[in-house]
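Please read them with the structure open beside the text.

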Amino acid sequence: MEDRTVGIGGASFVAVRKIPHGEPCHSNSAEVVAGSAAWLGKGLSCVCVQKRDSDASTFFDLTLAQEECLERLQRRIDVPYDSSITEHQDALRALWNAAFPGEELRGLISEQWKEMGWQGKDPSTDFRGGGFISLENFLYFSRNFPKSFQDLLWKREGDRSVWEYPFAVAGVNITFMLIQMLDLEAVKPRTLVAAAFLKFLEENESAFDLLYCITFMLMDHQWLSMHASYMDFNTVMKSTRSHLEKELLVEDITRLEDLPSYKLLS
């Protein structure tokens with residue numbers, strides 16, 4: 001399938017390539033080949049295959065419970081946003097009510113949506129890239145961390161740039177980035193970060209949604225720390241991903257709630 005991107009200001013920042021099950025993926029990431037005794041000692045069984053081009057691919061075996069959790073999450077990822085489905089329409093209305101309580105939405109296609117940071121008057125055009133799970137991520141964030149959700153929506157914290165990132169489009173890009181970083185469309189994890197995440201997912205079925213919230217807050221924190229502006233979004237996302245990968249690989253962390261960046265949520 002084709003690469004998918006959501007752009008900000010005409011530039012594309014984060015892309016996720018849908019990889020069919022069984023299709024090999026070539027990665028140059030150092031973490032792919034940097035297996036550690038600490039991680040292997042945590043029940044992660046590693047198989048390294050040397051390719052003819054001298055690149056090494058690493059595959060981690062999963063427990064039955066991890067396989068089932070991954071399959072359920074992959075089914076969520078595979079659901080496209082469909083504006084003809086009542087459940088999806090209701091979810092979109094719920095997002096509006098969470099973002100703008102007390103303000104009536106005049107229609108699912110409305111100029112009002114631009115207030116939230118969508119590219120046009122029809123959010124479904126942006127959700128086509130992220131699928132229904134990107135809408136579910138927004139809803140989870142708004143329901144479980146309403147103050148943080150509102151703070152990001154209205155950019156309440158910190159010394160802000162004149163040209164800020166659009167909240168909604170940034171959120172869809174974060175969903176993209178996490179799917180890519182965690183290698184969630186592969187049959188088995190091929191990086192230490194992906195394997196580590198499945199241990200969190202096994203303990204918490206909502207781990208992906210929770211990590212989304214943490215990542216959004218971390219991205220905004222990086223944005224402020226870097227004094228970023230509109231066209232710096234790609235650089236900020238790369239920095240966010242690098243920071244998050246390091247946190248996920250801290251050896252003694254067993255819950256997402258123990259990640260240092262979780263403290264950014266309120």
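1. Contact is taken here to mean heavy atoms within 4.5 Å. With neighbours within four places in sequence left aside, T240 is in contact with M177, T215, L218, M219 and Q222. T240 has its place in helix 11 (residues 233-248), where helices (H or I, at least four residues) and strands (E, at least two) are DSSP runs numbered from the N terminus.

2. This is a predicted model, in which local features need pLDDT of at least 70 and side-chain atom pairs count only at pLDDT 80 or more, whereas totals for chains, interfaces and linings use all residues. Residues are numbered from 1 along each chain as its sequence is written, and side-chain values use heavy atoms, with hydrogens and water left out.

3. On burial, the classes are buried (under 20% relative accessible area), exposed (over 50%) and partly exposed (in between), with a 1.4 Å probe and protein chains only. T240 counts as buried because its relative accessibility is 0%.

4. K155, although not a glycine, has a positive phi of about 55 degrees; K155 sits in the loop between helix 7 (146-154) and helix 8 (167-181), and is buried at 16% relative accessibility.

5. D183 is likewise a residue other than glycine with a positive phi, near 55 degrees. The loop between helix 8 and helix 9 (192-203) holds D183, which is buried with a relative accessible area of 13%.

6. As for the cysteines, C69 is buried at 6% relative accessibility, and C213 is buried at 0%. With a disulfide defined as a pair of cysteine sulfur atoms within 2.5 Å, the count comes to 0 disulfides.
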